[in-house]
Amino acid sequence: MEVVCQNLSYSYSPSSKNKKYALSDVTLTIKEGDFFGVIGHTGSGKSTFIQHLNGLIPVQNGKLTVGEYDLTDKSRSGKAKLKELRRKVGMVFQYPEYQLFAETVFEDVAFGVRNFYKQASAEFIAQKVKSAMQLVGLDFDELKDKSPFSISGGQKRRVALAGVIAVEPEILVLDEPCAGLDPQGKTSLWQLLHKLHGTFCKTVIVVSHDMNDVAEQCDKAVVFSDGKAVACGSPRELFSGLEDLEKLGLESPVTGYLTEKLKPSVTLDTDFTIDDFCDKLVEKLKEKS
Amino acid sequence: MRNDVAFGQYYPANSFVHKLDPRVKILLLIAYIVLIFVIRNFLGFAVAIALLALAVAFSGVPVMKVVKSIRAILFIIIITFIINLLLHREEGETPFFEWWIFAVTPSSIRFSLFMALRLISLVMGSSVLTLTTTPVRLTDGIESLLYPLKLIKFPVHELALVMSIALRFIPTLMEETERIISAQKARGADFESGNLFSRIKSLVPILIPLIVSAFRRADELGEAMESRCYTGSKNRTKYKKLTLGYRDAIATLVVAAAFVGVIMLNIYGVNVI
């Protein structure tokens, strides 16, 4: 499923005289198979943007299609399709562990499955829950009967994630998935997301303000500033214009700063991942000696 | 959802009413409420509404803001109006309209209008207080008014603190609620269809995370206060002291005059309707 938005605008106070736009004139395409980053400050419109993708925020102005779903369609049949769309576009909010509510981990993960597959059999649900928990690296037999409030923070987040991927969304959208995790938790979460990316989740969209993560993990990214999509491209394209980034008040990944520092003596053509940066640097050093 | 709480949100301005001492404002509001319940004929409402209009005029708050405060209880007003209109009955009256136990009579029209006016002026009056007083000043005022209760060891300061914390966290919890609703909607939760029972059941995924998060916030806040050595009212001084001024005297006189007017009307006035 491809996400195509054209001139998308949104204002939280559409009736007031001096409207402030949370999104203004965003034109953007996210292709199927992308591991897509969404970068921007707090209040830059990135959260508003991602909530458009599964119809949590209705389209005010402009066009938005996700796969075959036209989110501009306000008719009854369009609204009926919304639920189907929400199954296909999984959304993981910031600190998803704060939305756990059920008595057991099993029930919490099954919540989405029960909602989206109304007539599902008990075996069907159990099978979906089990495979989702295994995918996120949770022990099904050990945890299924525990209260989601009695397990550790890292496990809670995985349970919440399992609750979203249990319905096998084709697009997975995550808002700051690494917020509040330790380095180890972060690494394993990214590994998990890449693993998911190879399965039913064909597209992964991640909101982040850590440029290192974006450079390291994403194929493509868009930069939001003041509700506008000001730049879009691969990390290589985005981070080579260091000055432009700084104008938007954003940072560059560490590799970006290093490349800049090295510039008088060596110019590196890197995609800003640590591995590639080191390879290119070693290459240059070999050339010199 | 956010529009529903417009009732009582502080409207910043620098007006006569804003500058009144919050204690005086609270007491005058109580007096105004008593006044509304003392009123016996419609002319009395003219006095009450004139008083309200005066307060709004000197508050710098747009009239529409005050009028809109009714929206929160509009439903209650309409329901009570209809019930009073259909059920109120006095002996020996010929109804305009009668069906089963329902009847519209001259006295029921009078009575239902009376109650509706009473509710409307009550809510609008209260909203003038909350629109012109910041929550901090409001709780300061309440704390100061309840001060005498300290004599019987009533924890006045703590009560005021609880109130201001509660007020402070309303917007935070509203925001939290919206976020949780979005998150559960994204997981396919449906709050709009089904019968009453299933709709109530569908609130569980919202309420439980909300309560859990309220407790978590309370814990965090308590810890933060303890780490700043907060011990409550003992030896605490105030940055902004409440002082009475000439404005408070004027306002009190105006309300007292209205009171006298209403009582006079109750005794000598004639019912116009």
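Predicted model: local features only at pLDDT ≥ 70, side-chain atom pairs only at ≥ 80, totals over all residues.
Local features are reported at pLDDT of at least 70 and side-chain atom pairs only at pLDDT 80 or more, whereas totals for chains, interfaces and linings use all residues. Residues are numbered from 1 along each chain as its sequence is written, chains are lettered from A in the order in which they are written, and side-chain values use heavy atoms, with hydrogens and water left out.

At the interface, 18 residues of chain A are in contact with 16 residues of chain B, contact being defined as heavy atoms within 4.5 Å. The area buried between the two chains is about 1600 Å², 62% of which is given by carbon and sulfur atoms; buried area is the accessible area (1.4 Å probe) that two parts lose on being put together, summed over both. Of the area that chain A buries against chain B, 35% is supplied by Tyr98(A), Gln99(A) and Phe101(A), more than by any other three residues.

One salt bridge is counted between chain A and chain B, the criterion being a side-chain nitrogen of Lys or Arg within 4 Å of a carboxyl oxygen of Asp or Glu. Asp108(A) forms a salt bridge with Arg187(B), with the closest N and O atoms 2.8 Å apart. On the side of chain A that touches chain B, α2 (76–88) and α3 of chain A each supply at least two residues, and α3(A) gives the largest share, five residues. Helices here are DSSP runs (H or I, at least four residues), numbered from the N terminus.

A search of the whole structure finds two cavities of 30 Å³ or more, a cavity being a set of points on a 1 Å grid over the protein atoms alone where a 1.4 Å probe fits but cannot get out, with lining residues having an atom within 4 Å of a point. Volumes are the space filled by probe spheres set on the points, which are joined across faces, edges and corners. The largest cavity, of about 50 Å³, is lined by Val92(A), Pro96(A), Arg157(A), Leu161(A), Leu174(A), Pro177(A) and Leu189(A).

The second largest cavity holds about 40 Å³ of space, and its lining draws on both chains, including Arg86(A), Phe116(A), Val164(A), Ala186(B) and Arg187(B). The elements that give two or more residues to the lining of this second largest cavity are α3 (105–116) and α6 (153–165) of chain A.

Methods. 1 Å grid on protein atoms, 1.4 Å probe; cavity = no way out; pocket = protein on both sides within 12 Å on 5 of 7 lines; lining within 4 Å.
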